[in-house]
Amino acid sequence: MRLIIILLLFPFFAFSQNKTRSFIQFDVSIPIKGNQNNGSQNNNQQSNNSWFLPDGINSKIGIGLEPKKWIALGIHSGIDWTWSEKIVLVPVFANLRLSPKISDETRIALQLGLGKGTALGRGALNGTYKKISLGIQNDDDLVLFIEMSHYDIAFKDQKETGSISLGLSLITF
């Protein structure tokens, strides 16, 4: 818990003498899972060739500070809804974004998140939340990313739950 408080207060003290920009970040992503019926045929003799299937929807929003164009730190929250597990999770986490330039108009965006997660409507199910995402960011601060998230929440005879998602992020200043 102390680590989260330090991470949240760090940008306000460490970057207070530089010209920092505040931002709002909005993410929407779709968790994907492997298609167990890949290559099979249904009753209408149509084959199922999809390797992956959508498995829910995730949405997150956060605020933070960006002292330089390539580094940012913020606090984020949102909702992760997974259809196959029938669970809705709410993470609250510190988010570090590193986005070095790879061309004149493009950046690689690496985001690391650490915090707490709670399951809605499941009693007192909560635990540690971790995420990592990798994406491509353009000059309009639009990021196309793939994300892996992990919750240390015991649910349905599992010690943990997580997902791999594809998504889009918009950063505004």
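**Rings and charges**

Start with Arg97, which lies over the face of Phe23, 4.9 Å from the ring centre. A charge sits over a ring if NZ of Lys or CZ of Arg is within 6 Å of the ring centre and within 35 degrees of the ring normal. Arg21 places its charged end over the ring of Phe173, at 3.7 Å from the centre.

The model is predicted: local features need pLDDT of at least 70, side-chain atom pairs count only at pLDDT 80 or more, and totals for chains, interfaces and linings use all residues. Residues are numbered from 1 along each chain as its sequence is written, and side-chain values use heavy atoms, with hydrogens and water left out.

The whole structure holds 4 aromatic pairs. Rings of Phe, Tyr and Trp (its six-membered ring) pair if their centres lie within 6.5 Å; planes under 30 degrees apart are stacked, over 60 edge-to-face, and the rest tilted. Phe23 and Phe173 pair edge-to-face, 6.5 Å centre to centre, with 65° between the planes. They link distant parts of the chain, 150 residues apart: Phe23 is in strand β1 (residues 21–34), Phe173 in the segment after β9 (161–172). Strands (E, at least two residues) are DSSP runs, numbered from the N terminus. Phe23 is buried at 4% relative accessibility, while Phe173 is partly exposed at 42%. Buried means under 20% relative accessible area, exposed over 50%, partly exposed in between (1.4 Å probe, protein chains only).

Why is the pair of Tyr129 and Tyr151 tilted? Because its planes stand at 45°, with the ring centres 4.8 Å apart. Tyr129 lies in strand β7 (residues 126–138) and Tyr151 in strand β8 (residues 142–151), 22 residues apart. Both Tyr129 and Tyr151 are buried. Together with Phe93 they form one aromatic cluster.

Notes: Helices (H or I, at least four residues) and strands (E, at least two) are DSSP runs, numbered from the N terminus.
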